[in-house]
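Visitor: Please take me closely through one part of this model, the contacts between its chains, and state the cut-offs behind each term as you go.

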Amino acid sequence: MKSMEDLERLKEETLRDIQLRSASGGPRIVVGMGTCGIAAGARETMLAIIDELKVRRKFDVTISETGCIGLCAREPIVEVHMPGQPKVVYGNVDPSRGRQIVVSHIVNHKPIDQWILNVEDNS
Amino acid sequence: MARIIDLSLHLLDLLQNSAHAGAGEVRVSIIEDEAADILQIRVSDDGKGMSSDEQVRALDPFYTSSNSKKVGLGLPLVAQAAAMAGGSVAIDSEESGGTQVTVTYKLSHPDRQPLGDIPATLVSFMAGNPWIDLVFEYRGPTGSLRSDTKEIRKEGEGQLAFVVKFEEKLRGGLSLAGYRPDRGGLFHEINGRS
């Protein structure tokens, strides 16, 4: 690495790499953002998850949100979809739990059993 | 007991309605007008819109457009917080013609909730709905900010990279315009945000 051009090239290569991975169906995290989720702190949970993904450099993870699913008392609710695995639904996910789910489930492939509300196998 | 404690959370709820209505572009404007003693928050979208009948019922907590639940508390809670702060909600919509919701508050009203973390709301919304274009305008005590996600987004950029950049731009621009997340009416100044 010697010059600004080298840096630019590295940046472009990295961006292309990120794009490839996000198109390849990596893990997906869904945060419940209905009125009940928002009132329970879902926004802060979402931001904590984004920050933890950033820290762990997990750029292949897709984030999305959903509305109220009728379990308002267990909000914030977070779903984790790992490729080829059943969907895992977590309840009462505060920012700290959100970060731990990223590290344990997304990074280390170990779901955190005691916070799971439901496991849905749609395959 | 969970509560919606500031206006940025009400804004997030309004944005969710736009996303639910299938919006492709959402415009948000926040105006703090000290001379007129008005705080106005407006959300306009190009979603599926509401019939005049739906617009009336939208403020009824026991009405919802959703099939999977029986209540719809978003707009009623927004309206309640506005009414407590000497303000109101106006809904302007037509079927398949988008919806504009304008919420006004008396800026100096003792019960006016603080704005809260506006960047957190916009960033979490864009993280969850990356296909929506957002145009955000803020007019504050010392300046203004206009931010258009179409101009910030780069071809081929990952979702996470965009979100991080968007947040930096918002926080920088807003603080220059005099935005303060914790400035609310007398009641909120004394009691903080608890």
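Guide: Two residues are in contact if their C-beta atoms, placed from the backbone, lie within 7 Å. The model is predicted, so local features need pLDDT of at least 70 and side-chain atom pairs count only at pLDDT 80 or more, while totals for chains, interfaces and linings use all residues. Residues are numbered from 1 along each chain as its sequence is written, with chains lettered from A and ligands numbered from 1 in the order in which they are written.

On this basis, 25 residues of chain A are in contact with 28 residues of chain B. At least two residues of the side of chain A that touches chain B come from each of α1, α2 (35-40), α3 (42-55) and β2 (62-66) of chain A, helices (H or I, at least four residues) and strands (E, at least two) being DSSP runs numbered from the N terminus. The most is given by α3(A), with six residues. Sorted by class, this side of chain A has 14 nonpolar residues (Ala, Val, Leu, Ile, Met, Phe, Trp, Tyr, Cys and Pro), three charged (Asp, Glu, Lys and Arg) and eight polar (the others, Gly among them).
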